[in-house]
Amino acid sequence: MSTNGIQLSYQRSGSGDPVLLIMGSNAAGHVWTMHQTPALNAAGYETIVFDNRGIAPSSVPPGEYTLADMVADTRGLIEALGIGPCRVVGTSMGAMIAQELALESPELVRSAVLIATRSRSDATRRAMARADRALRESGVELPATYQAMRTVLEMLSPATLNDDEAATGWLEIFELMTGAGRGSAGQLGVDTIGDRRPALRRVTVPCRAIAFADDLVCPPHLVAEVADAIPGCDLVELPRCGHLGNLERPDAVNSAIIEFLDKN
């Protein structure tokens with residue numbers, strides 16, 4: 001699909017009212033198909049997942065991207081597919097895209113679920129971003145085993161890490177993923193957006209924010225700031241989840257998504 005001057009790869013499944021799912025940074029859209037799209041299809045929704053710019057087979061333009069670029073890509077996809085106004089679900093960077101889309105183009109968004117989102121970066125999250133950038137720019141290639149261990153510590157809940165069987169499985173998965181590539185360098189700059197809380201007070205579409213209690217990347221207090229800023233936005237906090245709560249506790253996450261979408 002051609003949109004905003006690039007090509008976006010997308011996949012549709014199921015039937016019913018459309019739900020567009022927006023993935024987070026350095027991840028392919030098909031991650032949604034592990035748990036979320038089957039549940040949404042079973043609940044009577046059509047789902048559309050896509051690869052953000054920077055994730056092949058979508059276009060990988062040179063340079064760093066902005067949040068505005070990503071929002072324009074998503075807006076163009078909705079318009080090209082003729083599915084607006086549609087329900088939107090985003091996680092992490094995808095949730096940041098969703099909340100900006102709801103702000104700028106409410107005619108295209110029926111309602112939005114914002115998973116592991118935030119409206120600003122605090123000191124700790126800024127330090128994490130600087131460290132990631134410094135590592136990439138250094139050219140140092142970390143061993144896959146080390147990178148996998150660092151990823152599970154950052155992305156998963158202690159409840160998962162303290163379960164030997166679960167932790168072993170996740171380490172194996174992330175080691176394989178690390179060996180497959182380093183993700184999108186272009187998406188590094190997407191998170192540098194300042195404080196969006198004042199702007200989010202102008203959002204008019206129904207929204208739900210979902211926080212994960214053990215999330216180090218988008219901790220509950222930053223998710224709560226989004227819910228507080230958006231008029232009428234409710235907040236659901238799920239225990240025993242890290243940043244990848246949609247994969248750690250998919251049933252709880254799916255229930256929170258579908259319960260909201262059925263009402264909105």
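## Overall fold

The chain contains 11 helices and nine strands, both taken as DSSP runs numbered from the N terminus (helices H or I, at least four residues; strands E, at least two). Its radius of gyration is 17 Å, close to the 18 Å from the globule rule for 264 residues, so the chain is as compact as a globular protein of that length. That radius is taken over C-alpha atoms, and the rule is 2.2 Å times the number of residues to the power 0.38. The C-alpha trace spans about 45 × 40 × 35 Å along its principal axes.

This is a predicted model, in which local features need pLDDT of at least 70 and side-chain atom pairs count only at pLDDT 80 or more, while totals for chains, interfaces and linings use all residues. Residues are numbered from 1 along each chain as its sequence is written, and side-chain values use heavy atoms, with hydrogens and water left out.

## Burial and contacts

Among contacts (heavy atoms within 4.5 Å) with a separation of 6 or more, 78% join residues 24 or more positions apart.

## Nonpolar core

The largest nonpolar core has 76 residues, and V89, I115, I210, I257 and L261 have the most contacts inside it. Helix 3 (residues 93–104) supplies the largest share of this core, eight residues. Such a core is a set of buried Ala, Val, Leu, Ile, Met, Phe, Trp, Tyr and Cys residues joined through side-chain atoms within 4.5 Å.

Beyond its neighbours within four places in sequence, I115 touches residues including W32, V89, S92, I210, F212, V253 and I257.

S92 sits in the loop between strand 6 (86–91) and helix 3 and is buried, at 12% relative accessible area. Outside four places in sequence, S92 contacts G24, I115, A116 and H243.

N246 belongs to helix 10 (residues 245–248) and has a relative accessible area of 3%, so it is buried. With neighbours within four places in sequence set aside, its contacts are W32, H35, Q36, F212 and V253.

## Helix 5

The buried residues of helix 5 are Q147, A148, T151, V152, E154 and M155. They lie on the same side of helix 5 because they cover an arc of only 165 degrees around the axis, judged by the directions from the helix axis to the C-beta atoms.

Note on methods:
Buried < 20%, exposed > 50% of the residue type's maximum accessible area, 1.4 Å probe, protein only.
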